[in-house]
Amino acid sequence: MRRARAMTLLEVVVATAALAAVGTLVAALWAQTRDWTLENAGHHRRLRVERALTLLDDQWRARARSAPIDRARGRGAAVALAPETLEFVSTTPIFYRESPLVRVTVRLEMPRVQTVGQARTGRIVYTESPDVGGPASGTSRSVALFEDVEEARFERWLDERDAARADGPAEPGWREVRGRVIERAADDGPGDDAPAEPSAPAGDDAPALRAGRLVARVNGDTIVWQFLAAPSR
């Protein structure tokens, strides 16, 4: 009966070295693959942000200054900015290509209450409706421009005259939107019911919008989108 031959010390050393080399190679490949995955994910996030900001820019540049949001009333705001929404009428539909005018709403959907053990994140949603002749109760389509939003707010620009009438500080600067501010439709004259006090919080007596911006923090990055209502001088 032949006895099984045992491995020599040299064979054990060679086998151990070979296994160590293979393990090191596999670990390096996994690390490189992980880096590529993270880099690719970061690249896609940046592209998504750029596409979303480009969409907002295009829609804002194509807004109809003479078309009030509530066309059924025949006069009113061409742009309305509230603490959580921006509304205007655009001539460049994204979803409803057959409609010459669409009502655009950019909404901040942030949770009111934070769940214990979970991060407080929300969304920024773009909504488009072909129904600009009345309340937005008709057909509409939405898409989330940004997910995993940690912070988001709308701000408006206050100059010395606006600040004085809004009981704000005297110096110009950006202020978070507390009430409703509007840009009147271009063909909407002052009329007899023009606002005597622009600090009124609602309706056509809301203060005038000169410029605004959206400030958000998404996946640790700060995003700023600025839009001008009044013509720059």
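Me: How many aromatic pairs does the count come to in this structure?

Reply: In this predicted model, the count comes to six aromatic pairs. A pair of aromatic rings is characterised by two quantities, the distance of the centres and the angle of the planes.

Me: How far apart are the ring centres of Trp-60 and Phe-227, and at what angle are their planes?

Reply: The centres of these two rings, Trp-60 and Phe-227, are 5.0 Å apart, and the planes stand at 55°, so the pair is classed as tilted. The pair connects distant parts of the chain, since Trp-60 belongs to helix H1 (residues 9-61) and Phe-227 to strand S9 (residues 221-228), 167 residues apart.

Me: Are Trp-60 and Phe-227 buried or exposed?

Reply: Both Trp-60 and Phe-227 are buried. These two residues also belong to one aromatic cluster, together with Phe-88 and Trp-225.

Me: Which class describes the pair of Trp-157 and Trp-174?

Reply: Here the ring centres of Trp-157 and Trp-174 are 5.5 Å apart and the planes are at 70°; planes over 60 degrees apart count as edge-to-face, so this pair is edge-to-face. Trp-157 is in strand S5 (residues 141-158) and Trp-174 in strand S6 (residues 173-176), so the pair ties together parts 17 residues apart in sequence. Trp-157 has a relative accessible area of 29% and is therefore partly exposed.

Me: Which residues have the most contacts inside the largest nonpolar core?

Reply: They are Leu-81, Leu-86, Ile-124, Phe-146, Phe-154 and Trp-225, in a core of 32 residues. Several elements each supply at least two residues of this core, including H1, strand S1 (77-81), strand S4 (122-129) and strand S8 (211-218). H1 gives the most, with six residues.

Me: What does Trp-225 touch, beyond residues up to four places away in sequence?

Reply: Trp-225 touches Leu-53, Leu-56, Asp-57, Trp-60, Leu-86, Gly-212, Arg-213 and Leu-214.

Me: Where is Glu-183 placed, and is Glu-183 buried or exposed?

Reply: Glu-183 is found in strand S7 (residues 181-184). Its relative accessible area is 12%, and buried means under 20%, so Glu-183 is buried. Leaving aside residues up to four places away in sequence, the contacts of Glu-183 include Arg-63, Arg-65, Val-79 and Leu-209.

Me: Which phi does Asp-148 have, and which phi does Asn-219 have?

Reply: The general idea is that most residues other than glycine have a negative phi. Asp-148 is not a glycine, although its phi is positive, at about 55°. Asp-148 lies in strand S5 and is partly exposed, because its relative accessible area is 41%. Asn-219, likewise not a glycine, has a positive phi of about 50°. Asn-219 is located in the loop between S8 and S9, and with a relative accessible area of 38% this residue is partly exposed.

Me: What is the mean pLDDT of the chain, and over which residues is the pLDDT below 50?

Reply: The mean pLDDT of the chain is 78, and 70% of the residues reach 70 or more. Over residues 189-202 the pLDDT is below 50, and this stretch has 24 contacts in the model beyond near neighbours in sequence. Where pLDDT is low, the predicted coordinates should not be read in detail.

How values were computed. Residues numbered from 1 in each chain as written. Predicted model: local features only at pLDDT ≥ 70, side-chain atom pairs only at ≥ 80, totals over all residues. Heavy atoms only, no water. pLDDT = per-residue confidence, 0-100. Contact = heavy atoms within 4.5 Å. Phe/Tyr/Trp six-rings, centres within 6.5 Å; stacked < 30°, edge-to-face > 60°. Helix = DSSP H or I, 4+ residues; strand = E, 2+ residues; numbered from the N terminus. Buried < 20%, exposed > 50% of the residue type's maximum accessible area, 1.4 Å probe, protein only. Core = buried A, V, L, I, M, F, W, Y, C linked by side-chain atoms within 4.5 Å.
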